[in-house]
Amino acid sequence: MNALIIGQMAVSGALMGLVYALIAYGFQLTYATSKSINFGQGELVMVSAFFSLTLTNLGAPYWLMVPGGLLFGALLGLIVERAGVRLALEQKSEGWILLSIIIGLFFFSAAENIWGRDDRPFPTPISADPINIFGVDVTRLELSVAVGVLAIMGLVELFKRRTLLGKAFEAVSADRDAAELMGISATRTVMLSYGLSGAVAALAGILVSPITTVGPTMASALILKAFSVAVVAGLDSGFGVVVIGMALGALESLASFYLGSGWREAPGLTLLILALAVRPTGVFGKAAIRKV
Amino acid sequence: MLVVDDLHAGYGASEVLVGTSLTVKRGAVVALIGANGAGKTTTMRAISGLLRPSRGRVVLDGKEVQGLDPSRIARLGLAHSPEGRKVFGPLSVEDNLLLGAYARLPRFFGFRSRAQADLDRIYELFPRLKDRARQSAGTLSGGEQQMLAIGRALMARPKVMLLDEPSMGLAPVIVQEVFRTIRRLKEEGITLLLVEQFAKSALEVADYAYVMERGHIAVEGTPEELGRNERVIAAYLG
């Protein structure tokens, strides 16, 4: 009986953890091309979720709401890049950290003013009835998170490996100057990465909201965990964030069950401290090898 | 084809180029030689846009390109094979080559078949690259990486190619191979500006040469003329 409860907790936690993984994956996308990340990524998740909720309330069916939300997220990502990150990168400064936080705060205020401060339910056609798999109850809703996260990460990886534009993306992350010499515009590639990262954030919001509800505070709750995942897994392994995200989700859920819900955040923060102390390049990160 | 006129450029406050001027005619191989720190690589970087010139003009095929982004200049027909080769280490050899032709290939699908003829040509020029087509470029030897860097630049079918220090850090046998390739490309009519430490080898293959000293051109002439210039012989060919 006890093992079953542990299994149950671990599985639902791990599925939630995939959302952290997806947000962390968004960090990796922009880090690859520009060595910068959007510290306001949580706000992107939240605002895109609210926007998608509005689409649903306006009567858009699920299959139309999802691409609409993704496009909106991509647009927000482009705004962050154009209005913030690029200004700092052009001067080779680290100002993108503060600029992306500030733009995130703008999004946060906008969301509070447009949609209010309350948490709202996010209707979805996917049923929340549990299905029993090997003795563990999983809802279709939780499964939809797994399918959505793995599908979009798979698509992006396919794009990077199979299309010339995707290879150009990889080239910019390997050597920006050399890529420019091939006629690849690094500026545009960075834009592309922010657009993709925004779309990925929007999908995270759309997937998680039916389970957790939508509200302005979801931004900060999610971002910290996504950070933990990104730091522990490293900023260059998509596989890494999936594994660490699921592990963190499972740990959280077990901690809140056995130690009380006040301890929910403890595993993530402990992992973060351990990772920074022991292996700052991330468990899955490659140590940079440089040939002279 | 390529005209550089009174080029000034540098890093921060220190000016490295102080009025460099040179011309590369269509179908000519031009060598740029000189001591370490004379400004050869800086000249290349300022031409291709990696370094923004503070003064002067770079004219590529009749169009002024100074101050443009390197990607823009590349799309206008300049291929710069940089010092240190700079291959994309994590990507495969073939992907490196395909990216060389990025400017004229479709972005999503069908790019491989469109580039097949060019790939075949590069593989014929460097059979070793064909054997290693699927390997990641970072695992190649220095000589193979140099061939890849040259091949990648050729994939663009450039109007003008800049080749910076192709012999750097390579074994003598490989250096000979590199120069054999350059000679062959010359027969095929390439327009090339070549920077080289091995002044002798460079002059053997060049139609015309410039000698750089402290950021400007000190001497210029055909290889025969430079071969008779006592200063050049003493400093670079002795």
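Reply: The buried residues of H7(B) are Val175(B), Val178(B) and Ile182(B). This is a predicted model, in which local features need pLDDT of at least 70, side-chain atom pairs count only at pLDDT 80 or more, and totals for chains, interfaces and linings use all residues. Residues are numbered from 1 along each chain as its sequence is written, while chains are lettered from A and ligands numbered from 1 in the order in which they are written.

Me: What makes the buried residues of H7(B) line one face of the helix?

Reply: Seen down the helix axis, they fall within an arc of 60°, the arc being that of the directions from the axis to the C-beta atoms. They therefore line one face of H7(B). On the other side, Val173(B), Arg180(B), Arg183(B), Arg184(B) and Glu187(B) are exposed.

Me: Why is Arg85(B) called buried?

Reply: A residue is buried if 20 or more other C-beta atoms lie within 10 Å of its own, exposed if 12 or fewer, and partly exposed in between, with C-beta atoms placed from the backbone. Arg85(B) has 24 such neighbours inside 10 Å, and therefore counts as buried. Its phi is near 70°, a positive value in a residue other than glycine.

Me: How do you know whether Thr213(A) is buried, exposed or partly exposed?

Reply: Thr213(A) has 15 other C-beta atoms within 10 Å, so it is partly exposed. Phi of Thr213(A) is likewise positive, near 75°.

Conventions: Helix = DSSP H or I, 4+ residues; strand = E, 2+ residues; numbered from the N terminus.
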